[in-house]
Amino acid sequence: MSDKRKSGASVPRSTTSKYQPSAPSSTMTYVLGGIAVLVIAGLVIGGIWWSGRDKGTADQSALAASSTMIVGPENAPLIDLFEDPLCPVCKLFEQQSGPAITAAVTEGKLRVRYHTLNFLNSRSATGDYSSRAAGALTCVAQEQNTDLFLRFHSALFGAQPAEDGTGNITSAELARLATTQGATPATAKCITDNEKVAQAEANATKSSEELKKAAGQVGTPSVLHDGKPVEGLLDGTGWLDDILANK
């Protein structure tokens, strides 16, 4: 499995030919050479153009609108964090960098826009776990309690079900998990009744579109800083240290 979860061409068989072409004339050599230069130039220009289309700049207002929760002061360095609740690599990322992110937010050194994606729905027993977990996070976010949200976010990955099509956590169980982190009865009812699932799914679609604009693909976990993908997310917290040091 690769470091990220993401939303080939066959090799042609070699053949042997007895045909041996005659050597081209000098004039033909120049003509073919000129055509080759034009073709290569066209490919280079085309490649740059397609690269620009695939990797552009995410819309900051769209990123804000499609986020599940925004935590941290407005004047702090900003990151956009993209995760799928069923993604095992996201759980690893949470274990490695979650405490450091929480500490930076709590100390007023970092602002985070959390984006909850759902492309791993089909890998759950019910076929909708990622969406329901995203809905649960959205319900908790309504309380506008940063500490509560961060606790539930961490607990959600700690209780992550298996990704082999057999694992599952019911909505009622998600509600109980939120309650143990301090969520109100109203929030628990919101989770149990799947009140925010549709909203979470719409936000997941918009967030995926913005991530693809910036990174050229949709994968989790992913982090954008200043609209650009951050590398080395699974190499400890060095990626975060660099952002905080260069604020």
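Predicted model: local features only at pLDDT ≥ 70, side-chain atom pairs only at ≥ 80, totals over all residues.
Two packed helices are described by the angle between their axes and the distance between the axes. Here the pair consists of helix α6, covering residues 171–180, and helix α7, covering residues 185–192. Their axes lie 8 Å apart and meet at an angle of about 155°. Because angles over 145 degrees count as roughly antiparallel, α6 is described as roughly antiparallel to α7. The crossing of α6 past α7 is right-handed. On the α6 side, the residues that take part are Ser-171, Ala-172, Leu-174, Ala-175, Ala-178 and Thr-179. They meet Ala-188, Ile-191 and Thr-192 of α7. Sorted by class, this contact between α6 and α7 holds six nonpolar residues and three polar ones, with no charged residues.

Next comes the interior. In soluble globular proteins, nonpolar side chains tend to be buried together. In this model, the largest nonpolar core is made up of 45 residues. Which residues have the most contacts inside this core? They are Ile-101, Val-112 and Trp-239. With neighbours within four places in sequence left aside, Trp-239 is in contact with Ile-79, Phe-93, Ser-97, Ile-101, Val-223, Val-230, Glu-231, Gly-232 and Leu-233.

Most residues other than glycine have a negative phi, and most peptide bonds are trans. Pro-221 sits in the loop between β5 (219–220) and β6 (222–225).

Positive phi values occur at Asn-194 and at Asp-226. Asn-194, which is not a glycine, has a phi of about 55°. Its place is the loop between α7 and α8 (197–215). Is Asn-194 exposed or only partly exposed? With 34% relative accessibility, Asn-194 counts as partly exposed. Asp-226 is likewise a residue other than glycine, and its phi is near 55°. Asp-226 belongs to the loop between β6 and β7 (228–229). Its relative accessibility is 62%, so Asp-226 counts as exposed.

Key:
Residues numbered from 1 in each chain as written. Heavy atoms only, no water. Axes fitted to C-alpha atoms, helices over the stretch in contact; angles between N-to-C directions. Helix = DSSP H or I, 4+ residues; strand = E, 2+ residues; numbered from the N terminus. Parallel < 35°, antiparallel > 145°, perpendicular 65-115°, else oblique. Left-handed = near helix turned anticlockwise from the far one by under 90°. Contact = heavy atoms within 4.5 Å. Nonpolar A, V, L, I, M, F, W, Y, C, P; charged D, E, K, R; others polar. Core = buried A, V, L, I, M, F, W, Y, C linked by side-chain atoms within 4.5 Å. Buried < 20%, exposed > 50% of the residue type's maximum accessible area, 1.4 Å probe, protein only.
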